[in-house]
Each structure stands twice: as structure tokens, then as C-alpha cells.
Amino acid sequence: MTAVEIIGLTVTLLVMLIGLAGSVVPVLPGPPLVLIAALGHRLWFGQHSASGLVLILLAVLTIATLALDYFASAYGAKRFGATWRGLLGAFVGGLVGLFFSIPGIILGPFVGALLFELMGGYEFGKASRAGLGATLGVFVGVIVKCVLSVVMIVLFTVSVVLKS
């Protein structure tokens, strides 16, 4: 591996680590940033980069991560007894929560599911249980994003190192 290739890999890995941080920080795109870094590396270094199969795998993992992230909160709310109103509330609360940083991301789905269930006639205990499920779903989504981002980074790194 040449010095230029080592520098390129290092810069790519730094961008990927920012993507990993984006799995937790809402402003950063997370797994899509990991994929973009891998694609940029491939465009710059061509055959000395990750294989086409690895890039396809990274794209599939990115799509899976995004899908799981969107559905985790709703699934958690449903498992804890939410109706369609609670699911809608968790979704709306999650979107609104994005504007309020980490506390909003944590509390948004909970408050949304709680309020929508209360408006639908649920008593407070049942409605708060639906909100708790939505919040747990958000945490599961973050954990899944982090794990899959690490898997993506490792796959890319191993592919590049094995090709050099």
C-alpha cells in the first residue's frame, strides 16, 4: 500500500467514524455517510479500493439501517399496546423531536405517543406505556444503527486491506 493509499484510507475512515457518530447525533446522516465515504474512496482509488460486492453489501446495510430506524419506534410502541393513534403520535413526536436535539429525540416519540393515545381516550397509564414502548424503540434503533455502522466500517476496511 502506497503512502497516498494509506492517507486516503485514513481520511475515509475518519469520515466513516463521523458517520458512526451520526448514528447517535441527529444532525449527521450516520450510515449513509459511511456509504458515501466508501463510494468516494472507490471513485478516487478505483481497483485499489473496496470490491464491488462489498459496496453493494454496504448499500444494502444502509437501506436496512434506515428502514429499521424508522420502524423501531413504532414497533416498540405497538409491542407496549399502542393503537394506530399511538403509532402516529410516536412518528410525529419523533419528527418534532429532531428539532430539539438529543432530549427531543428521546422524549419526542414518548410525548407524541402519550398525547395521541390520551386524545384517543386511553387512560394515562395505558397511554404512558405506549410512550415508553416508543422510547425503547428509539433506543433499539440507535443501537442497531451503531452496530450496523461498525459492521460496514469493518467490511470496507477489510476489503481495502486485503486488496492491497
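## Close-up views of selected helices

**View 1. Helix H5 and its end.** Just after H5, Gly-121 takes a positive phi of about 100 degrees. The model is predicted: local features need pLDDT of at least 70, side-chain atom pairs count only at pLDDT 80 or more, and totals for chains, interfaces and linings use all residues. Residues are numbered from 1 along each chain as its sequence is written, and side-chain values use heavy atoms, with hydrogens and water left out.

**View 2. The buried residues of H5.** Gly-104, Ile-105, Gly-108, Pro-109, Gly-112, Ala-113, Leu-114 and Glu-117 are the buried residues of H5 (under 20% relative accessible area, 1.4 Å probe, protein chains only). They pack against helices H3 (52–79), H4 (84–97) and H6 (124–163).

**View 3. Ala-82 in the loop between H3 and H4.** Ala-82 lies in this loop and is buried, because its relative accessible area is 4%. Leaving aside neighbours within four places in sequence, Ala-82 is in contact with Ala-77, Leu-87, Glu-117 and Ala-130 (heavy atoms within 4.5 Å). Ala-82 and Ala-113 are 31 residues apart in sequence, and their C-alpha atoms are 7.7 Å apart in space.

**View 4. The packing of H3 with H6.** These two helices pack at an angle of about 170 degrees, with their axes 6 Å apart (lines fitted to C-alpha atoms over the stretch in contact, with angles from 0 to 180 degrees between N-to-C directions). H3 is therefore roughly antiparallel to H6 (an angle over 145 degrees).

**View 5. Lys-145 in helix H6.** Lys-145 lies in H6 and counts as buried because its relative accessible area is 13%. Not counting residues up to four places away in sequence, Lys-145 touches Gly-22, Ser-23, Pro-31, Thr-65 and Asp-69.

**View 6. Helix H2 and its surroundings.** H2 spans residues 31–45. Its buried residues include Pro-31, Leu-35, His-41 and Phe-45. The buried residues of H2 pack against H1 (3–21), H3 and H6. Just after H2, Gly-46 takes a positive phi of about 55 degrees.

Technical notes
Buried < 20%, exposed > 50% of the residue type's maximum accessible area, 1.4 Å probe, protein only. Helix = DSSP H or I, 4+ residues; strand = E, 2+ residues; numbered from the N terminus. Parallel < 35°, antiparallel > 145°, perpendicular 65-115°, else oblique. Expected span 1.5 Å × (residues − 1).
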